[in-house]
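Please keep the sequence and the 3D view open while reading.

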Amino acid sequence: MLRSTRPRTRLLERPALMRALAAFVMFVALLAPFAAPDAEAQEVTLALSQAPYYVDVPIEIEVTAEGFEEEPQPKIEAHGPAARHLQLVGVTPNVSRSVRIVNGQISQTSSVRFVYAYRMMPPGPGRYQIGPFRVTQGNTTKVTGLTNVAVETVPLESGQKIRVKIASGDIFVGQRIPIEVQWWISPELRGTLFNQRITVPMLDQVDSFSVDSVTETDPQGRKLQSSLIISVAGTPAEYPATEQMRTEGGIEYVVRTTKMTVVPLKPGDYSLQAATVTVDQATRWRRDLFGSRVPTQARKIRAMDRSRSLRVLDVPSVGRPSGFSGAIGTGFTIDVSADRSVVQVGDPITLTIALRGDGSIESASLPNLIGPHALRPRDFRVVRAPRAGRFADGEKQFEAVIRVMSADVKEVPPIEFAWFDPEAAEFHTHSSRPIALSVRDAQVVGAGDVVRNAPDPADTSQGVTGDDAARDQQNRAASDDTPSARRPSFTLTGADLAIETDPDALVGSSANNVWQWGCYGAGVLLLVVAVFRRRRGEIDPKRTAVTKQLAADRKALASSSSAGEIADVLRRMAASGEVGDAATRSALESVLSECDALAYAPGGAAATVNAQLKERASAVAESIKEPA
Amino acid sequence: MKILRRTLVCLAIGTFVAVNIGASRAHAGEAESLVTAIEAYSDAQSATDRDARNRAFTRAAVLFEGAATDGHATADLWVNAGNAWLQSQSIGRAVLAYRRALELNPRHARADQNIAHARSLLPSWVPRKGSSGVLDTFFFWHRTLSRNDRQAIAALAFLLTCLAVAGAVGWRRSALRGIAIVPLIVWIGAMGSLLVESDTARRSEAVIVVDETIARASDSINAAARFNAALPGGTELVVLEERVYFTHVRLANERDGWIPRSSYELVTK
């Protein structure tokens, strides 16, 4: 909650003065319509967070400026003895506009408001005068009033402890120093503390110390659930912490620990003030809707660590190896790989250089690649020097492009990387493994330039030697001159180099496949034909003759029209074929008797039958089948 | 029967005409490119400057190889390509072309002679393919006859078998039954030979075409070299396993290593 203070005007309640004032007000009111429209009246107010105020607990201060123009933003200056403890946190401009239409008259109003937020960190107990603040825009200047605050020391509470553990002994610039910040809470305070904040003066000196990393997981790789609020560079931030039970002096404490590494940036002797933890202890509670305890009244308590001194030394300048580029730590390694190993003189080779180690690897850089402990200047040229590099998974990778300048080069030589080990206070070096290169001269060599060499008898039976990389390494020195030297000279005397010049002979035909498939198809077809012929041959010839006869009779029946002929045909069919069931036989007899009746009637031998009878005769003929 | 006979005759004539028309059309295009290749080869032979000669033979080789890849190549065409590669001093590609020629015609004398010469140009330590075993001697025809030859023999044997069986069944000539056994055995032998020579085995033989190929101990550019010298173009090998960038190969002396995928070509595409 903020309380407000304004400059106050005391009014004297005397009748004469009141009358004079009333006359003046009326005069001004009469003149107002004729005067030029003036800007809205400016006003500045000062507001502070609610007391009490404690040492090292920030006081929030707000200066509100109203009635100024929207542009430019008014400037603010803090005056008074406490001004040096003030820090401007931010400015919040706020502009609101409204439009009114009354009886067709449009009126527009706007309200401009700037809020300047300050934070004051009282360095010690006592009374502090805050203000005045001067707000200026163009020729307009407004000043706030003053306010006095009483700052007291937060009482020390023995039920909690703050401990900062830093490695003892001399440390070096660039060394990663592990730090543990521990907050111990006794059983009687457990559950009553909130708004915890830890101040470690060393971490506020951003010019001299830098936080490198913070441990966020436990040894099993799980994310830490607890946390501590620690002020770093004056800004409180939440850092992951472990939580465990520890017993000291017969009391069982809950200990929250945040582990981080800090890198000193400048050498010097540092006297570091004690780290403190300030926290609110709830003294009164209430129950909320869900039955949980909510603090309604609290008091601030704190705990202090001991002050300490720290000596930060610079890395020794004596005995620095040529491959030293500022890396500090332990166990650095350098690995170099090449994208190609068979090249011609002048060809570019991309080298990938990987640095690993326990130290400031992220900010590590490479030494010069050309030098006595790296690439020889007469053999190599750096086309693209390694740039900033990429850091990932604890490894920093650089890429460089080099060119081989001589065909005598057999390898990318070891590249040396040096670092300073702060624990042993000495320099160490590590070299990459050499990379074998096969370099050919850039000049084109023709067949005539090759000089025949006597075959190497030791190599004829062996074939490709070397079973593994180690053996290859041993053999490489001996075989450096082998690949081209042992190759027989290029001659063509044993070859028949005439070519076939008939295009037809050179091109095969897909007909080959076609006739092959034709053979298979014809073979299958032959088998089918044979089986068909075999089956056909197995049929009885008499039966075939009857079938043929019946077919001829049916044809004759269709062409005949006289009753006598029809009767003859039907009788012939009935004799050679099989009439079948009784119904067909009865139908046959009926047709025959009708035909006979017509034939034996006077003049009926040539009499034609009617269509109905012929149709019935045809049906009967169709029913007569060859005998089974 | 008349209808059946007429249908068969029509089918045979139609197939013959269609095949000949298609073949002659394809032939025309291929013949044109082959004439160009042959002219390029002749020009290369007449060139006196060494570099120009190499370039001309390379051009002729590319043209021959293009024709061989596009159409129905014969062993002679691959031999032409191999001769051009050999004269352009690309031993790897020459060996590959001769191997492809011998794949089509294992008895091709010129291919046999020239691949032997190309192999002799390789360093002495490069392992060569071993000599034939007893089984190879017995089944000589399995090695000496090309795949196409064996396919043709199988087709003819099948037709003869069917003819004999058809005669025995359809025309009741019982003597033909015994005769049918002979072509049947030939057909089974030829088909067995084709099946034994499975696709997998044929498709794993390869030749290095890039000079100075380093065989490595694993499929990484940074892996240690497997041998003490780079493999020259023309080294014959068997592909064991193909990965994205590297291939696991075995040489004729049973040594193995990993080489870049771009450094070799399979004999059978």
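Helices here are DSSP runs of H or I with at least four residues, numbered from the N terminus. Just after one such helix, H8(B), B:Arg172 takes a positive phi of about 55°. The model is predicted.

H8(B) covers residues 147-170. H4(B) covers residues 91-104. The table sets out their spans.

| Helix | Residues | Count | First to last C-alpha | Expected at 1.5 Å a residue |
|---|---|---|---|---|
| H4(B) | 91-104 | 14 residues | 20 Å | 20 Å |
| H8(B) | 147-170 | 24 residues | 34 Å | 34 Å |

H4(B) reaches close to its expected span. H8(B) is likewise close to the span expected for it.

H4(B) is mostly covered, with eleven of its 14 residues buried. Among them are B:Ile91, B:Val95, B:Leu96, B:Tyr98 and B:Leu102. Two arginines, B:Arg99 and B:Arg100, are buried too. What do the buried residues of H4(B) pack against? Their partners in chain B are helices H3 (75-87) and H5 (109-120), together with strands S1 (205-208), S2 (236-242) and S5 (264-266).

**Chain A in outline**

Chain A holds eleven helices and 34 strands. Of its 628 residues, 36% are buried. Among contacts in chain A with a separation of 6 or more, 69% join residues 24 or more positions apart.

**A helix pair in chain A**

Two packed helices are described by the angle between their axes and the distance between the axes. H10(A) spans residues 582-600 and H11(A) spans residues 611-623. They pack at about 140°, with axes 10 Å apart. Angles over 145 degrees would count as roughly antiparallel. H10(A) and H11(A) are therefore oblique to each other. The crossing of H10(A) past H11(A) is left-handed.

Which residues meet at this crossing? H10(A) brings A:Thr584, A:Ala587, A:Leu588, A:Ser590, A:Val591, A:Glu594, A:Cys595 and A:Leu598. H11(A) brings A:Leu613, A:Arg616, A:Ala617, A:Val620 and A:Ser623. By class, the contact has eight nonpolar, three polar and two charged residues.

**A loop serine in chain A**

A:Ser432 sits in the loop between strands S32 (426-431) and S33 (435-436) of chain A. Is A:Ser432 buried or exposed? Its relative accessibility is 4%, so A:Ser432 counts as buried. Beyond its neighbours within four places in sequence, A:Ser432 contacts A:Ile334, A:Asp335, A:Val336, A:Pro413, A:Pro414 and A:Ile415. A:Ala354 is 78 residues away from A:Ser432 along the chain, and their C-alpha atoms are separated by 9.6 Å.

Note on methods
Residues numbered from 1 in each chain as written. Chains lettered and ligands numbered in written order. Predicted model: local features only at pLDDT ≥ 70, side-chain atom pairs only at ≥ 80, totals over all residues. Heavy atoms only, no water. Axes fitted to C-alpha atoms, helices over the stretch in contact; angles between N-to-C directions. Parallel < 35°, antiparallel > 145°, perpendicular 65-115°, else oblique. Left-handed = near helix turned anticlockwise from the far one by under 90°. Contact = heavy atoms within 4.5 Å. Nonpolar A, V, L, I, M, F, W, Y, C, P; charged D, E, K, R; others polar. Expected span 1.5 Å × (residues − 1). Buried < 20%, exposed > 50% of the residue type's maximum accessible area, 1.4 Å probe, protein only.
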